[in-house]
Amino acid sequence: MNKKEIIEILKSNNTSEIFQKADEIRRKYCGNIVHLRALIEFSNFCKRQCLYCGINSKNIKIKRYRLSEDEIIKTAKQAANLGFKTIVLQSGEDDYFDIKKMCFIIEKIKELNVALTLSLGEKTKEEYKAYKASGADRYLLRIETTNEKLYKKMHPNADFQNRLKCLYTLKELNYETGTGIMTGLPEQSINSIADDILFFKKFNANMIGIGPFIPHPDTVMKNYPCGNFELALKTVAITRILMPNINIPATTALETLLKNGRKIALKSGANVVMPNITPNFAKENYSIYPNKQGVSANNINELENLKNEIASIGDVISKDFGTSKNFIAQKDL
């Protein structure tokens, strides 16, 4: 699809065909398999001031926390014991976790024979290299929007060009690299979302996370309307059609915006779910947006319900590390 065709689909109200096509392509290229990733949100300290985010540094209402190194490793062990093949470590941009601390954590988690994804924000090349040398496999750094003007407005004191530089550095260092966007941001145009999708293709990302904007009550954007579920879903579907081999999560934001949103996304091109295994005392304070829904990996009933939900659409849970097929293809070149 070219940009004009993408825009036409994003604007269209008759989209059942595009969702069906995305589902067919996902199953053809990735199989009827859903990859589960255990998410550990280990710190909600953040030096950034992103206008939409509940853990931004200007929010004085939130209760801040950091898991200790031992708590992070213990939680990862719980995930491995439950059968998860991938651990995702996510945090705000928290400089407390320096190279020494992060590399120790990475090395200990890699002893569990799991794939490890990091989502820690913008770091130096030296930091990314050290993480990789310690065993990190993947890195997720969402661009949020490729419209530089809008990016600067939403991210005070941040540098769009450095964001891009970080993404290309991760590629250079042979990370399985993920990015993604938020749809429905104030002042975001359909034209801009089309550019975002084409950027995913040009960058040849291995993972793409797409979720609708959800206003947080403790941010300056609290009175803006939520993003549209259907628009986010169309963005997922188009991305799948353009990039058949990649991994696309059914994000918690989709489930938060619409009941059964996760299941709908899995039938529209997504193939990853990230159950949250953050300890309960910390989980509620990782409040990027309010009322965050999702599967708690600490709850056996919720995990069982997820397995049943996946089976109900004719899929099975992956038993491997879930490496993106286009990343495998790149390595074979």
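Reply: One term to start with: buried means under 20% relative accessible area. Keep in mind that this is a predicted model. By that cut-off, Tyr128 is buried, and so is Tyr175.

Me: What makes Tyr128 and Tyr175 an aromatic pair that is edge-to-face?

Reply: Ring centres have to lie within 6.5 Å, and planes over 60 degrees apart count as edge-to-face. Tyr128 and Tyr175 come in at 6.5 Å centre to centre with 75° between the planes, so the pair gets that label. Tyr128 belongs to helix α5, while Tyr175 is in the loop between α7 and β6, 47 residues apart.

Me: Why is the pair of Tyr168 and Phe203 called edge-to-face?

Reply: The two planes stand at 90° and the ring centres are 5.0 Å apart, so Tyr168 and Phe203 qualify as edge-to-face. This pair also links distant parts of the chain, with Tyr168 in helix α7 and Phe203 in helix α8.

Me: What makes you say that the charged end of Lys132 sits over the ring of Tyr175?

Reply: NZ must be within 6 Å of the ring centre and within 35 degrees of the ring normal. For Lys132 the distance to the centre of the Tyr175 ring is 5.1 Å. Lys171 likewise lies over the face of Phe203, at 5.4 Å from the ring centre.

Definitions and conventions. Residues are numbered from 1 along each chain as its sequence is written. This is a predicted model: local features need pLDDT of at least 70, side-chain atom pairs count only at pLDDT 80 or more; totals for chains, interfaces and linings use all residues. Side-chain values use heavy atoms; hydrogens and water are left out. Rings of Phe, Tyr and Trp (its six-membered ring) pair if their centres lie within 6.5 Å; planes under 30 degrees apart count as stacked, over 60 as edge-to-face and the rest as tilted. Helices (H or I, at least four residues) and strands (E, at least two) are DSSP runs, numbered from the N terminus. Buried means under 20% relative accessible area, exposed over 50%, partly exposed in between (1.4 Å probe, protein chains only).
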